[in-house]
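The tour goes stop by stop, with something to select at each one.

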Amino acid sequence: MKNLNLIICLFVTTIISAQDIYIQCGTIYDTNSGNLIKDKTIVVFKNKIKSIENGFIFGTDADRIINLKDKIVLPGLIDMHVHIEGEYNAKSYIKEFTANEADIALESTVYAKRTLMAGFTTVRDLGGTGVNIALRNAINGGLVDGPRIFTAGKALATTGGHADPTNGRRNDLMGDPGPKEGVVNSVPDAKKAVRQRYKNGADVIKITATGGVLSVAKSGQNPQFTLEEIKAITETAKNYGFTVAAHAHGDEGMKIAVMGGVNTIEHGTLMSEETMDLMIKSQCYLIPTISAGKQVAEKALIPGFFPEIVAKKALEIGPKHIATMAKAYKKGVPMGFGTDAGVFPHGKNAIEFGYLLEAGIPAKESLKQATIINAGLLGMQEKLGEIKQGYIADIIAVEENPDQNVKTLENVIFVMKDGVVYKQ
C-alpha cells in the first residue's frame with residue numbers, strides 16, 4: 001500500500017511539474033518591427049517561452065489555458081530609471097529624519113508590486129539607501145511581488161553634490177561622508193566607492209555628474225565630478241562587471257561624463273548639439289525621463305510642496321526637458337526608456353510613452369526602447385525584450401494597439417513575469 005501511495009504521489013507530482021501554460025493570443029505586438037502578428041499561441045514551460053504556435057492550441061487537460069484572443073500581447077516592459085524605495089511628496093524631506101530602514105523597506109514592497117502590476121516586469125533602480133538591494137533579493141527569493149530589479153544601491157556623488165545624503169542638514173548632522181556612503185572627492189575615493197558598491201551587492205553604478213532638481217543644494221546643473229574621477233569610476237566599474245549611469249542636467253557635466261566613459265546619460269535636460277554628437281560617436285545612450293520633469297514642474301507650483309531652493313530649480317529645468325528630447329531624437333542620439341518613477345507615483349510609469357509621443361517619438365520606437373534596447377543595455381538581450389522561443393516568459397497584454405492609442409499602455413490588463421501570472 002505504501003508503494004502504491006508513493007507511485008500515485010510521484011505520478012501527480014510529475015503531472016503538475018510538467019504543466020505548460022498556453023496563452024492564446026489574438027494579436028502579438030512585435031517590438032522589433034512594430035508589426036502585429038495574428039492568431040498565435042505562446043507555450044510557456046516554467047519560466048521560459050517554450051514555443052510559439054500557429055492558431056489557438058489547447059494542450060492537454062493538465063495544461064493551463066489563458067485566453068487573450070481579443071487583446072494585444074507584448075513582452076514585459078523595462079524601465080531603466082526608477083527609485084523604488086520611495087515616492088516624493090510634501091513630507092519627503094522631513095521623512096528623511098523620521099523613517100527607519102524598516103519603514104522604507106515595507107513601503108518599497110508596495111511600490112514594487114504597483115510597478116509590476118503596471119506591466120513593468122524589469123526595472124533599473126538608480127539610487128536609494130541600500131534597502132533596494134534587500135528588496136531585489138526578496139523579490140528574487142519569491143518573498144515579495146515585484147519586478148526584476150537591477151539596482152545601484154546608493155548613488156555616487158561629490159561633497160555637496162546631488163546625491164550627497166547630508167545636503168541641507170544643520171552643521172552637527174552634516175558630518176563628512178565618504179566612499180562608503182557614496183561620496184567621492186578624488187580618484188582613490190572613486191575606486192573605493194565602486195568597490196564598496198560591489199561589496200554591498202549592487203548591479204550597476206550610478207553617479208550624479210551634475211547638480212539635480214530635488215536635492216537641497218543651490219545648482220541643478222553644475223558639473224560635480226572631474227574627468228579623472230569619472231574615468232576612475234568607469235574603469236573600476238568595468239573591472240567589476242558594472243555599467244555606469246550618469247544623472248546629468250547641465251551640458252558641461254554631461255559632456256565630461258560621456259568623455260569619461262559612462263554608458264547612459266539620465267535626463268539630459270540641457271544637452272547641447274555638441275554633446276549629442278559626442279553621445280552618437282560614443283554610443284552612449286540617453287534615458288529621457290520626461291515624466292519626472294513634467295511632474296516636478298507641476299508640483300513646484302503648489303506652495304510648500306518643495307523647499308524654496310528645490311521649487312526654483314524645478315520650474316527652471318522641468319519645462320525644458322521635452323524640447324531637448326525631441327531634438328536629440330531627430331539628431332539620432334541612441335535612446336533607451338526610463339521614467340524616474342518615485343519622483344512621481346510608482347505604477348504610473350507608462351505616462352512616459354505619451355510624453356515621448358509629444359516629443360515626436362512614435363510609440364513603435366518608444367516600445368522598442370522599453371523592451372529590446374533596454375534589454376541590451378542590461379546585458380539581457382538574449383533573455384528579455386521580445387516574445388521569442390527560449391526567452392524568459394515576461395508577457396503583458398493591453399486592450400488596444402499602442403500605435404493607435406499609446407495611452408492603452410497605462411492600463412495593462414494581464415501580467416506574467418518569469419512564467420508566473422500576477423494579473424489577469
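Start with the lining of the second largest pocket: its residues divide into 6 nonpolar, 2 polar and 4 charged. The model you are viewing is predicted. Select I28, Y29, D30, T31, N32, I37, K40, I52, P75, E386, I387 and K388 to show this lining. Now color β1 (20-29) and β2 (36-45), the elements that give two or more residues to the lining. How much space lies in this pocket? About 170 Å³.

Next, go to the largest nonpolar core, which has 71 residues. Which members touch the most others? Select I205, I207, I233, V262, I265, L286 and F353.

Keep L286 and hide the rest. Leaving aside residues up to four places away in sequence, L286 touches I265, H267, G268, M271, M279, M325, A328, V333, P334, M335 and G336.

For the last stop, select G141. Look for G141 in the loop between α4 (131-140) and β7 (148-151). Is G141 buried or exposed? G141 counts as exposed because its relative accessibility is 55%, and the cut-off for exposed is over 50%.

Finish with a distance. Pick the C-alpha atoms of G141 and M271: they are 41 Å apart in space, and the two residues are 130 residues apart in sequence. M271 is one of the residues that L286 touches.

Note on methods: Residues are numbered from 1 along each chain as its sequence is written. This is a predicted model: local features need pLDDT of at least 70, side-chain atom pairs count only at pLDDT 80 or more; totals for chains, interfaces and linings use all residues. Side-chain values use heavy atoms; hydrogens and water are left out. A nonpolar core is a set of buried Ala, Val, Leu, Ile, Met, Phe, Trp, Tyr and Cys residues joined through side-chain atoms within 4.5 Å. Buried means under 20% relative accessible area, exposed over 50%, partly exposed in between (1.4 Å probe, protein chains only). Contact means heavy atoms within 4.5 Å. Helices (H or I, at least four residues) and strands (E, at least two) are DSSP runs, numbered from the N terminus. On a 1 Å grid over the protein atoms alone, a cavity is a set of points where a 1.4 Å probe fits but cannot get out, and a pocket is an open set with protein on both sides within 12 Å along at least five of seven lines; lining residues have an atom within 4 Å of a point. Grid points are joined across faces, edges and corners, and a volume is the space filled by probe spheres set on the points. Ala, Val, Leu, Ile, Met, Phe, Trp, Tyr, Cys and Pro count as nonpolar, Asp, Glu, Lys and Arg as charged, and the others, Gly among them, as polar.
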